[in-house]
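Reader: Please give me a close look at a single part of this model. Keep it brisk.

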Amino acid sequence: MTSKALTQHQIAVMKVAAAISVIRTKPANQTAKQYAEILQKEYAKRIEGWKEKAVSLEREVAVLKDELSKKAAAQSRNRLCETQSQADSQADSSGYETQTQTTTSQLTAIPLPVSESRRNNDGRYRNWA
């Protein structure tokens, strides 16, 4: 048996099982055919309801994505404007943007952190000179 024939066989078995289930669970005042048709209509309604809900949710996702992209673009524009206004306020009279200039006389010594390994047992720093 090939896998395709096996699949067709399995489908046939499932159809027979479904038919037996419908016959056993049908109300006494209906035929099996009537009950099967009712079940099929209910199933179709449920499927249609889920399809409508899926379409609705897809639309909502599209709207939310659009809103998010608009907000991101607005934030990006705001940051760009803020950066530009800061650059404009720092521009010198010649129109060129300059950074804060520091002369060597304005520099002060900044103590750098020293690791514990550079300390003597008494806590003082070693003389590396």
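Author: Start with Ala32, which lies in helix α2. Helices here are DSSP runs of H or I with at least four residues, strands are E runs of at least two, and both are numbered from the N terminus. Residue numbers count from 1 along each chain as its sequence is written. This is a predicted model, in which local features need pLDDT of at least 70, side-chain atom pairs count only at pLDDT 80 or more, and totals for chains, interfaces and linings use all residues, while side-chain values use heavy atoms, with hydrogens and water left out.

Ala32 has 25% relative accessibility, so it counts as partly exposed. The cut-offs are these: buried is under 20% relative accessible area, exposed is over 50%, and partly exposed is in between, with a 1.4 Å probe and protein chains only. Beyond its neighbours within four places in sequence, Ala32 is in contact (heavy atoms within 4.5 Å) with Val22, Ile23 and Lys26. Ile20 sits 12 residues from Ala32 along the chain, and their C-alpha atoms are 9.5 Å apart.

Now take Tyr35. Helix α2 holds this residue too. Tyr35 counts as buried because its relative accessibility is 16%. With neighbours within four places set aside, its contacts are Val22, Thr25, Lys26, Pro27 and Gln30. Val22 is 13 residues from Tyr35 in sequence, yet the C-alpha to C-alpha distance is 7.3 Å.

Lys70 forms a salt bridge with Asp66, and their closest N and O atoms are 3.4 Å apart. The term means a side-chain nitrogen of Lys or Arg within 4 Å of a carboxyl oxygen of Asp or Glu. Side chains of opposite charge can pair when their charged atoms come close. Lys70 and Asp66 are four residues apart in helix α2 (residues 32–90), so about one helical turn separates them. Lys70 is exposed because its relative accessibility is 52%. Asp66, at 37%, is partly exposed. A search of the whole structure finds one salt bridge.

Last, the setting. The chain has two helices and zero strands. Of its 129 residues, 2% count as buried.
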